[in-house]
Amino acid sequence: PPDVEQLGRATWTFLHTTAAYYPEKPTTRQRANMLSLLHALPVLYPCSHCATHLGTEMERHPPDVSSRRGLSWWLCERHNEVNERLGKERFDCVKTDERWKDGPAD
Ligand code: FAD
């Protein structure tokens with residue numbers, strides 16, 4: 001079976017980076033494709049209990065694909081739900097761009 005921690009780090013890197021570079025004003029096609037990508041995760045993510053939890057969270061909190069900012073924030077909150085469940089620290093979502101897009105100031 002896959003290494004759940006390594007898979008998680010790689011997947012969060014992909015998802016947060018993709019959200020960080022998602023358009024501020026996405027086209028209909030970009031929104032539809034982002035929704036497909038996110039909705040595929042609870043079906044295909046190769047850690048089945050992770051996938052089940054994510055599916056439940058996504059039903060309670062549908063993805064915001066309306067803008068780069070909305071998507072980045074939504075994803076940060078979903079990641080924080082996993083962090084809390086695993087007893088890890090919450091991440092300050094205000095720092096999402098610094099972590100995944102801009103890098104630290106200076
Ligand atoms: P990670 O949590 O992988 O984080 C990587 C980096 O992201 C951090 O170093 C930090 O810089 C940054 N970061 C942290 N929090 C945030 C945030 N909220 N927003 C933006 N950036 C942030 N593991 C399980 O054991 N059980 C599960 O049910 C489970 N579900 C998962 C569901 C999904 C969809 C994914 C992608 C992963 C899941 N994982 C699960 C894996 C788990 O989330 C971690 O990836 C893994 O435990 C490794 O953790 P880590 O401490 O190295 O950092």
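Q: Which residues does Asp 97 touch, not counting residues up to four places away in sequence?
A: In this predicted model, Asp 97 has its place in helix α5. Once residues up to four places away in sequence are left out of the count, the residues that Asp 97 touches are Ala 20 and Asp 102.

Q: Is Asp 97 buried, exposed or partly exposed?
A: The C-beta atom of Asp 97 has 16 others within 10 Å. A buried residue would need 20 or more and an exposed one 12 or fewer, so the class of Asp 97 is partly exposed.

Q: How many Å apart in space are Asp 97 and Glu 24, C-alpha to C-alpha?
A: Along the sequence, Asp 97 and Glu 24 are separated by 73 residues. In space, taken from C-alpha to C-alpha, the separation of Asp 97 and Glu 24 is 13 Å.

Q: Which element gives the largest share of the shell around the ligand?
A: The ligand is surrounded by 22 residues, of which the closest are Gly 8, Cys 50, Cys 76, His 79 and Phe 91. The elements that contribute two or more residues to this shell are α1 (4–20), α3 (48–60), α4 (68–85) and α5 (96–102). The largest share, seven residues, is given by α1.

Q: How many residues of the shell around the ligand are charged?
A: Sorted by class, the shell around the ligand holds nine nonpolar residues and nine polar ones. The remaining class, charged, has four.

Q: Are α1 and α4 roughly parallel or roughly antiparallel to each other?
A: The axes of α1 and α4 come within 8 Å and cross at roughly 155°, and the crossing is left-handed. Angles over 145 degrees count as roughly antiparallel, and therefore the relation of α1 to α4 is roughly antiparallel.

Q: How many nonpolar residues are there in the contact of α1 with α4?
A: On the side of α1 the contact is made by Trp 12, Leu 15, His 16, Ala 19 and Ala 20, while α4 brings Leu 71, Ser 72, Leu 75 and His 79. Divided by class, the contact of α1 with α4 has no charged residues and three polar ones, and the number of nonpolar residues is six.

Q: Is Gly 70 buried, exposed or partly exposed?
A: Gly 70 is found in helix α4, and its separation from Asp 102 is 32 residues in sequence and 17 Å in space, C-alpha to C-alpha. Within 10 Å of Gly 70 there are 16 other C-beta atoms, so Gly 70 is partly exposed.

Conventions:
Residues numbered from 1 in each chain as written. Predicted model: local features only at pLDDT ≥ 70, side-chain atom pairs only at ≥ 80, totals over all residues. Near = placed C-beta within 6 Å. Helix = DSSP H or I, 4+ residues; strand = E, 2+ residues; numbered from the N terminus. Nonpolar A, V, L, I, M, F, W, Y, C, P; charged D, E, K, R; others polar. Axes fitted to C-alpha atoms, helices over the stretch in contact; angles between N-to-C directions. Parallel < 35°, antiparallel > 145°, perpendicular 65-115°, else oblique. Left-handed = near helix turned anticlockwise from the far one by under 90°. Contact = placed C-beta atoms within 7 Å.
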